[in-house]
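Student: I have just opened this structure and would like to go through it with you. Could we look at it together?

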Amino acid sequence: MLLKDKRAVVTGAAQGIGRAIALRLAAEGARVAVLDIHEAAAKAVWADSEPGRHLGFACDIADSKAVDAVFAKISEAFGGVDILVNNAGIGRGPNDGSDQMYAGIAERSGQLARGEKPTAHPDQMIHMSDEGWARVLGVNLTGQFYCARAAVRLMVAENVVGNIVNIASTSAASGEGPLHYVTSKAAVVGFTRGLARELSTRGIRVNAVHPGATNTPIMGNLPDEMVKAMEAAIPLGRMARPDEVAAAVAFLASDQASYATGSVLTVNGGQYFA
Ligand SMILES: NC(=O)c1ccc[n+]([C@@H]2O[C@H](COP(=O)([O-])OP(=O)(O)OC[C@H]3O[C@@H](n4cnc5c(N)ncnc54)[C@H](O)[C@@H]3O)[C@@H](O)[C@H]2O)c1
């Protein structure tokens with residue numbers, strides 16, 4: 001077991017990649033607290049587990065007071081935190097121009113497929129509302145900051161030499177995807193590197209993972225043609241399974257990665273070499 005009796009927090013872990021990470025860390029011996037905006041689904045992750053060993057909480061990670069309150073509860077239950085996996089992320093916000101962008105992509109690929117001169121454009125920015133931009137940055141970037149701050153405060157107070165794994169995305173390198181999403185994921189890389197430097201004197205490591213296209217519910221938002229085109233462009237010929245991303249996170253969170261900090265581990269089937 002790589003993580004025997006470590007105390008871990010995984011955000012956005014009621015489904016998808018986060019759920020796979022939570023289950024993998026638990027299988028490696030950690031006690032795991034799942035945070036998710038959906039409380040029942042967060043608790044349901046542990047339906048088949050030993051009662052009380054793992055926890056599930058409702059928390060909107062974009063709300064700093066809610067984050068501080070939930071970390072206080074986790075600290076009380078676990079006696080501290082050794083590992084934070086900042087996984088929660090969203091690809092859409094309110095009135096963010098996603099509908100117009102996806103419609104533009106579909107229309108343009110239809111025009112190209114019919115051999116017509118393409119006149120449609122994947123416009124998102126001209127339709128983007130302030131709230132749409134702020135929500136995606138608020139969850140994907142500021143939410144990671146709030147959770148990391150709460151976790152590091154606990155680690156420092158208790159002299160815990162822990163570590164943090166931030167989930168970014170291949171989009172940070174390729175630029176592909178919704179504009180606010182790409183921006184947030186690129187910022188996560190900078191956040192990871194800056195925090196890794198800052199915390200290095202305490203031995204606390206901070207790393208990131210770039211998943212490529214991974215088969216989770218977030219993909220359900222994308223048009224079918226886009227998913228097919230995405231898979232065709234992946235050298236390994238398919239999307240990742242959530243457990244394949246979880247394996248990379250378990251490695252970085254363990255002592256096996258004791259000399260890795262500020263690094264980005266790319267798990268994307270060879271699509272981009274970030
Ligand atoms: N699936 C992919 O192809 C892919 C590729 C690259 C990166 N990622 C990243 O991996 C992470 C997980 O993606 P996924 O595909 O599993 O997504 P998902 O939508 O399947 O799951 C995300 C989870 O986060 C929760 N969540 C959303 N907003 C939250 C908030 N404000 N506070 C707390 N919880 C919140 C949701 O309820 C959900 O359970 C995200 O950061 C995503 O950007 C995913």
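Student: Where is the place of Asp-5?
Tutor: Asp-5 sits in the segment before β1 (7–11); helices (H or I, at least four residues) and strands (E, at least two) are DSSP runs, numbered from the N terminus. This is a predicted model, in which local features need pLDDT of at least 70, side-chain atom pairs count only at pLDDT 80 or more, and totals for chains, interfaces and linings use all residues. Residues are numbered from 1 along each chain as its sequence is written.

Student: Does Asp-5 count as buried or exposed?
Tutor: Asp-5 counts as exposed because it has 10 C-beta neighbours inside 10 Å. A residue is buried if 20 or more other C-beta atoms lie within 10 Å of its own, exposed if 12 or fewer, and partly exposed in between, with C-beta atoms placed from the backbone.

Student: And what is its phi, positive or negative?
Tutor: The phi of Asp-5 is positive, near 60°, and the residue is not a glycine. Most residues other than glycine have a negative phi. Asn-159 also has a positive phi, near 55°.

Student: Where is Asn-159 found?
Tutor: Asn-159 belongs to the loop between α5 and β5 (163–167). With 8 C-beta neighbours inside 10 Å, Asn-159 is classed as exposed.

Student: Let us turn to α5 itself. What should its 28 residues span?
Tutor: At 1.5 Å a residue, α5 should span 40 Å, and its end C-alpha atoms are 37 Å apart, which agrees. The expected span of a helix is 1.5 Å times one less than its number of residues.

Student: Where is the kink in α5 centred?
Tutor: The kink is centred on Gly-138 and amounts to about 45°. The bend at a residue is the angle between axes fitted to the seven residues ending there and the seven starting there.

Student: Now the ligand. Which residues are closest to it?
Tutor: The closest are Gly-12, Gly-16, Gly-89, Thr-216 and Ile-218, and 30 residues surround the ligand. A residue is near a molecule or strand if its C-beta atom, placed from the backbone, lies within 6 Å of it.

Student: Which elements give two or more residues to that shell?
Tutor: They are α1 (16–27), β2 (31–36) and α5 (130–157). The largest share, 3 residues, comes from α1.

Student: Why is α1 described as largely enclosed?
Tutor: Of the 12 residues of α1, 11 are buried, so the helix is largely enclosed by the rest of the structure. The buried residues include Gly-16, Arg-19 and Arg-24. From its first C-alpha to its last, α1 reaches 17 Å, close to the 16 Å expected at 1.5 Å a residue.

Student: What about β2? How many bridges join it to β3?
Tutor: There are 4 bridges between β2 and strand β3 (residues 55–58), and the two run parallel. Two strands pair if DSSP finds at least two bridges between them. The chain passes from β2 through helix α2 (residues 39–44) to β3, in a right-handed β-α-β crossover. A crossover is right-handed if, with the strands pointing away from the viewer, the path from the first strand over the helix to the second runs clockwise.

Student: Last topic: where does Val-188 lie?
Tutor: Val-188 lies in helix α7 (residues 179–199). Val-188 counts as buried because it has 24 C-beta neighbours inside 10 Å. Its C-alpha is separated by 6.0 Å from that of Ala-168, 20 residues apart along the chain.
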